[in-house]
Amino acid sequence: MAAMIAASWLRAGVETQVHVGNLAWRLASVDLAKPYDDIGLWSNSDGRVVAIALVYESYPIDLLIDPDLDDVAELLNAMLDWTEARWRAAVAAGRPAGPFRVGCFDTDGLRGAVLRRRGYAPGGRGYIRFGREAHAADAQAKLPDGLRARAIDRAADVERMVDLHNTIFDSPVLSVDDFRRVIGAPWYRSELGLIAEDGSGEVVAFALGWIDPVGGVIEFEPVGCLFAWRRRGITRALLHEIIGRAASQGATMATVTARSDNTGTIEFYRATGFESRVSESEFTRSFDPADAV
Ligand SMILES: CC(C)(COP(=O)(O)OP(=O)(O)OC[C@H]1O[C@@H](n2cnc3c(N)ncnc32)[C@H](O)[C@@H]1OP(=O)(O)O)[C@@H](O)C(=O)NCCC(=O)NCCS
């Protein structure tokens with residue numbers, strides 16, 4: 001899966017819905033006891049994965065398709081047939097009923113048309129994918145006096161990272177096990193996951209950078225600062241440090257995705273040198289729970 005996503009970045013760049021970085025977060029929410037329930041894979045005749053469908057508890061659906069494939073309408077319909085059948089089985093087994101949310105880049109007219117034909121309507125959440133160049137010199141940014149940046153310790157910091165994450169973000173609520181799985185991803189690089197801490201050891205901000213060495217792209221997921229410590233340039237300095245480190249490892253571009261209604265965060269990314277590259281809207285469709293079998 002990671003190989004297909006990395007190859008897609010090489011071909012389609014920011015118009016690839018999932019980066020290997022947020023793949024780690026997405027897989028953390030899949031039930032590993034039966035991943036086949038929530039991950040659909042389609043292969044070509046050589047056995048290479050060319051499409052991935054990921055279904056999550058609350059039914060956002062990711063449909064990732066190799067950008068080299070032509071005429072993907074039939075494949076998209078097959079993937080939606082699979083995810084909708086998955087929904088029926090999951091609801092019958094006691095999961096809450098939908099609605100389905102499927103992401104679609106505003107530039108992807110074909111996907112929009114297929115979704116509309118199947119009864120999905122735009123108007124769900126909107127997202128903006130930002131990008132900027134990555135340069136080794138970015139690492140020269142300095143944190144405010146009294147703070148230092150260091151790598152997240154995979155053993156000692158897990159619980160405090162989870163507390164920090166759940167203080168900053170309302171949802172989804174992160175568990176210690178989920179976070180262990182996220183930073184246990186084989187492509188996690190500890191030198192790109194940084195925290196800022198003060199002289200007493202209080203962790204005040206964090207940013208996890210994920211490098212895709214094939215496409216040369218670093219993605220941030222997630223990024224956060226405690227409320228009382230905001231607007232001091234802490235998180236911008238952390239991002240610059242990570243971008244600089246990633247550039248030294250071959251990254252040429254940095255990317256991040258933000259909710260399009262999150263104006264403060266969007267301003268933050270612009271002030272950190274990012275520009276809007278592509279926007280994505282969720283199409284939604286509700287199903288009648290009585291259809292679950
Ligand atoms: C977005 C966030 C990480 C910014 O952290 P921060 O440490 O306060 O950001 P910085 O101090 O480094 O900001 C640098 C610049 O970005 C801009 N900026 C940051 N936050 C802003 C806001 N809320 N509104 C407008 N501009 C903002 C400013 O230009 C700021 O410089 P200035 O303070 O000199 O004007 C923080 O507000 C946060 O944790 N928000 C909630 C979680 C979140 O949305 N995370 C991102 C999605 S994964």
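Colleague: What is the order of the strands in the open sheet?

Modeller: This is a predicted model, to be clear. The open sheet has 11 strands, in the order 1-2-3-4-11-5-10-9-8-7-6. Pairing is mixed.

Colleague: Which strands stand at the edges, and why is one side of each left without a neighbour?

Modeller: Strand 1 (39-43) and strand 6 (147-151). Each has a single partner strand, so one side of each has no neighbour in the sheet. On average, neighbouring strands are turned by 25° against each other, direction ignored.

Colleague: What packs on the sheet?

Modeller: Helix 3, residues 73-92, is one of the elements that do. It touches strand 1, strand 2 (49-55), strand 3 (60-65) and strand 4 (100-105). The direction of helix 3 makes about 30° with that of strand 2.

Colleague: And helix 8, where does that lie?

Modeller: Helix 8 covers residues 263-271 and lies across strand 5 and strand 10. It runs at about 165° to strand 10.

Colleague: In what sense do strand 5 and strand 10 pair, parallel or antiparallel?

Modeller: Antiparallel, over 7 bridges. Strand 5 is residues 121-133 and strand 10 is residues 253-259. Glutamate 133 has methionine 253 as its bridge partner in strand 10. For glycine 131, the partner there is threonine 255.

Colleague: What about strand 9 and strand 10?

Modeller: Those two pair in the parallel sense, over 3 bridges. Methionine 253 turns up here too, as the bridge partner of valine 217.

Colleague: How many residues of strand 10 are buried?

Modeller: 6 of its 7 residues, so to speak mostly covered. Strand 8 (residues 203-212) is mostly covered as well, with 9 of its 10 residues buried.

Colleague: Stay on strand 8. How many bridges join it to strand 7?

Modeller: 5 bridges, and the two strands run antiparallel. Strand 7 is residues 193-198. Isoleucine 195 has phenylalanine 206 as its bridge partner in strand 8.

Colleague: And to strand 9?

Modeller: 7 bridges there, again antiparallel. Phenylalanine 206 has glycine 224 as its partner in strand 9.

Colleague: Which residues take a positive phi in those hairpins?

Modeller: Glycine 201 does in the hairpin of strand 7 and strand 8, with phi near 90°. In the hairpin of strand 8 and strand 9, glycine 216 does, with phi near 70°. Each hairpin has 4 residues between its strands.

Colleague: Switching to the ligand. Which residues come nearest?

Modeller: Arg230, Arg236, Gly264, Glu267 and Ala271, out of 20 residues around the ligand. Strand 9 (217-225), helix 7 (234-248) and helix 8 each give two or more residues to the shell.

Colleague: Which element gives the most?

Modeller: Helix 8, with 5 residues.

Colleague: What's the make-up of that shell by class?

Modeller: It has 9 nonpolar, 6 polar and 5 charged residues.

Colleague: Last topic, the whole chain. How many helices and strands?

Modeller: 8 helices and 11 strands. The C-alpha atoms fill a box of roughly 60 × 40 × 35 Å along the principal axes.

Colleague: How does the radius of gyration fit a compact globule?

Modeller: It agrees. A compact globule of 293 residues would be near 19 Å, and the protein chain has 19 Å.

Colleague: How much of the chain is buried?

Modeller: Buried residues make up 37% of the 293. Counting contacts with a separation of 6 or more, 71% join residues 24 or more positions apart.

Conventions. Residues numbered from 1 in each chain as written. Predicted model: local features only at pLDDT ≥ 70, side-chain atom pairs only at ≥ 80, totals over all residues. Pairing = 2+ DSSP bridges. Axes fitted to C-alpha atoms, helices over the stretch in contact; angles between N-to-C directions. Contact = placed C-beta atoms within 7 Å. Near = placed C-beta within 6 Å. Nonpolar A, V, L, I, M, F, W, Y, C, P; charged D, E, K, R; others polar. Buried ≥ 20, exposed ≤ 12 C-beta atoms within 10 Å, placed from the backbone. Rg over C-alpha atoms; globule rule 2.2 N^0.38 Å.
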